[in-house]
Amino acid sequence: MLNAQLRESFLRYAVALLCILTAACSTLPDVSNLSASVLQVTTTANSQDGAASRLDNLAAMEAAATGSPLVKGNKVTLLFDGPETLTAMIAAIRQAKTTINFETYIFDQDQLAQQFADLLIEKQHDGVQVNIIYDSVGSIDTPTEFFDRMRAAGIRLIEFNPVNPLKRFGHWQLNHRDHRKILVVDGKIGFTGGVNISAAYANSSLFRAGRRANSGAGAIGWRDTHVQIEGPAVASLQLLFMQTWATQYAEDLPDLDYFPKLAEAGNKAVHVLSSQPDSDYSLYKAYILAIQQARKSIHITTPYFTPDRQLVDALVAAARRGVDVTLIMPGVSDVGLMFHAGQSFYTQLLNAGVRIYQLQIAVLHAKTAVIDGSWSTVGSANMDIRSFLHNYEANVIVIDEQFGRQMERAFREDIRGSRQITLEQWQQRPFSDRVKEWAARSIGYWL
C-alpha cells in the first residue's frame, strides 16, 4: 500500500539533489503587508457600495489580492478519501458524452489504474475524446506500454516535463512538476484535490467512525480529500487543464466544445486558484491573506510542511493575537527529510500557542484548510515551498459557512484519530532528532 509513497519519497530526494546541484533559488513575493494593502482597496469600494458582510469583504479582498473574482452559483460536494472520490469520478466518466480532460501526478499501473484506463479507453471507443496529462516524475514507475495502449485507442496523452531531456530538448525543466489532480467531464463536472490514480487509494483511511465497522481488518488506506464541482467554476478547472497542455509543446487538442454554457447549479462561491513557476502566486497570496484576516480559527491539514518564513510568521502572529491555530500533520512518514523538516518548525509554533496534532490511523495525504469556519480550501498544494514556487498545483477555495461546517466536522474527526504534541513533550525529544531536523531544514527549499 505504500508503494506510491515510497516512490514519491525517492523521487523527492532525486529531484532535490539535482536541484541543489543545478538550480538557482527563486523566492516567493513579499506578502507581509498584503492584508493591509488589499484592505485599503476594499474599504474604498465598500464605502461607495454601502456596508458589506464579512464574507463579502473577504471575497473582495481575495479577488483584489489574486486578480480574479470568485465565481458564484456552484454546487460543491466534499469527497472523503479514495473510494468515495474514485466512485464519483468513475460515475461522471461513465456519463460522459463529448470530452474527458484528465490531469494527474501519479497514474499507476496497478489493478485500480488498469480499471481506470480500461474505462477511459471504452469511452474513447464510444466517441468521447479523452485527453490526459500525466507527470513524468510522479508516474516514473509506470511502463510506457501502459500509456501506449491508451494512445493506440485514440486517447491524446502528454508526459509532463519528461525525465529524459531528449524528449523535450531545449525545454527541459525537471524541477517543474505537474502535481495537479484535475478531471473535467463534458466541460460540466469538475474534480480536484489530492487523490492520485493508485491502489493506495482503494481503501478508506478509516478516519470516519462510521466506516470502521465496515472496513476489513488491516485495510488502512490514505487519508485524502477531493471535491466535485458543478456550475460556472468548472470552466476555471477546464482552463487550467488547457493552459497546462499548451505549455508542453504538444499537438493541439481536437477542436471540440470544451467550454459549454454553464448554468448555476448551487449557491457556493468558488475560487479556482493555481500555482506554477513564474506565476503571480495567487494561491500563496490567498492562503496568506486568509491567515492574516483570521479572527477565530485556522485549521490546517497537510502531509508535508516546509513553509517559507512569511507563512510561519503569519501562523505565529495569528496564534499570538488569540486565534485558535491547529495543524494536523503526519504521525509517521517514509519521506524522512520532509518529515523532519516539518518538525523543525514545531518549537517556534508551539511556543506561540499553535496546537499540533499528528494523525495516527492513516497515511496522511489531504491538503485542506478551514479558516473562521467560512473560508475553506481543498486541492493538491502542500504547505511547502515546492508547491507554491516550483509545482503546477490547483486548489479550490469555497467561501461559504455551510461548506465550512462540513470541513470542520472532518477536521474534528481527524483530531480524534491523532495524537497531540505538547511543548513539554517536544522539549524532551532526543538530540538525534534535533540534528535530523536541522539537517532537513537546511535543504528545505529543495525538498
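Analyst: Arg 151 is partly exposed, because its relative accessible area is 36%. Its partner is Asp 148: the two side chains meet in a salt bridge, with N and O 3.1 Å apart. Asp 148 is partly exposed too, at 35% relative accessible area. Both residues sit in helix α6, 3 residues apart, so about one helical turn separates them. An α-helix has 3.6 residues a turn, so residues three or four places apart point the same way. Note that this is a predicted model.

Now the rest of α6. The helix covers residues 144–152, and its buried residues include Phe 146, Phe 147 and Met 150. These three span an arc of only 90 degrees around the axis, so they lie on the same side of α6. The face turned away from that buried side carries Glu 145 and Ala 152, which are exposed. What does the buried side pack against? Its partners are α5, β3 (129–135) and β4 (156–160). After the helix comes Gly 154, with a positive phi near 105 degrees.

Ring pairs join Phe 146 and Phe 147 with Phe 102, Phe 107, Phe 116 and Tyr 134 in a cluster. The whole structure holds 15 aromatic pairs. One of them is Phe 102 with Phe 116: the ring centres are 5.3 Å apart and the planes meet at 45 degrees, so the pair counts as tilted. Phe 102 belongs to strand β2 and Phe 116 to helix α5 (residues 111–125), so the pair ties together parts 14 residues apart in sequence. Phe 102 and Phe 116 are both buried.

Strand β2 is worth a second stop. The strand runs over residues 99–104, and Thr 104 is in it. Is Thr 104 buried or exposed? Its relative accessibility is 1%, so Thr 104 counts as buried. Beyond four places in sequence, Thr 104 touches Ile 133, Tyr 134, Asp 135, Asp 178, Arg 180, Lys 181, Asn 196 and Ile 197. Tyr 134 is one of the aromatic cluster members named above. Ser 139 is 35 residues from Thr 104 along the chain, yet their C-alpha atoms are 9.0 Å apart.

In soluble globular proteins, nonpolar side chains tend to be buried together. The largest core here has 54 residues, and Ile 291, Ile 298, Leu 349 and Trp 375 touch the most other members. Helix α9 (residues 282–293) gives the most to this core, with 8 residues. Another core lies apart from it, with 36 residues, among them Leu 86, Phe 102, Leu 119 and Val 128. As for Ile 298, its contacts beyond four places in sequence are Ile 291, Leu 315, Ala 318, Val 323, Asp 324, Val 325, Thr 326, Val 370 and Ile 371.

Back to charged pairs. How many salt bridges does the whole structure have? The search finds 10. Arg 309 and Asp 313 form one of them, at 3.0 Å from N to O. They are 4 residues apart in helix α10 (residues 309–320), so about one helical turn lies between them. Arg 309 is exposed, because its relative accessible area is 58%. Asp 313 has 32% relative accessibility, so it counts as partly exposed.

Lys 268 and Asp 400 make a further bridge, with their closest N and O atoms 3.8 Å apart. This pair links distant parts of the chain, 132 residues apart: Lys 268 is in strand β9 (residues 268–275), and Asp 400 is in the loop between β18 (393–399) and α14 (401–416). Lys 268 is buried, at 7% relative accessible area. Asp 400 is buried as well, at 12%. Elsewhere, Asp 81, Arg 223 and Asp 414 are linked in a network of salt bridges.

Last, confidence. The chain has a mean pLDDT of 87, and 85% of its residues reach 70 or more. Where does pLDDT stay under 50? That stretch is residues 207–217, for which the model has 18 contacts beyond four places in sequence.

Definitions and conventions. Residues numbered from 1 in each chain as written. Predicted model: local features only at pLDDT ≥ 70, side-chain atom pairs only at ≥ 80, totals over all residues. Heavy atoms only, no water. Helix = DSSP H or I, 4+ residues; strand = E, 2+ residues; numbered from the N terminus. Buried < 20%, exposed > 50% of the residue type's maximum accessible area, 1.4 Å probe, protein only. Contact = heavy atoms within 4.5 Å. pLDDT = per-residue confidence, 0-100. Phe/Tyr/Trp six-rings, centres within 6.5 Å; stacked < 30°, edge-to-face > 60°. Core = buried A, V, L, I, M, F, W, Y, C linked by side-chain atoms within 4.5 Å. Arc of directions from axis to C-beta. Salt bridge = Lys/Arg side-chain N within 4 Å of Asp/Glu carboxyl O.
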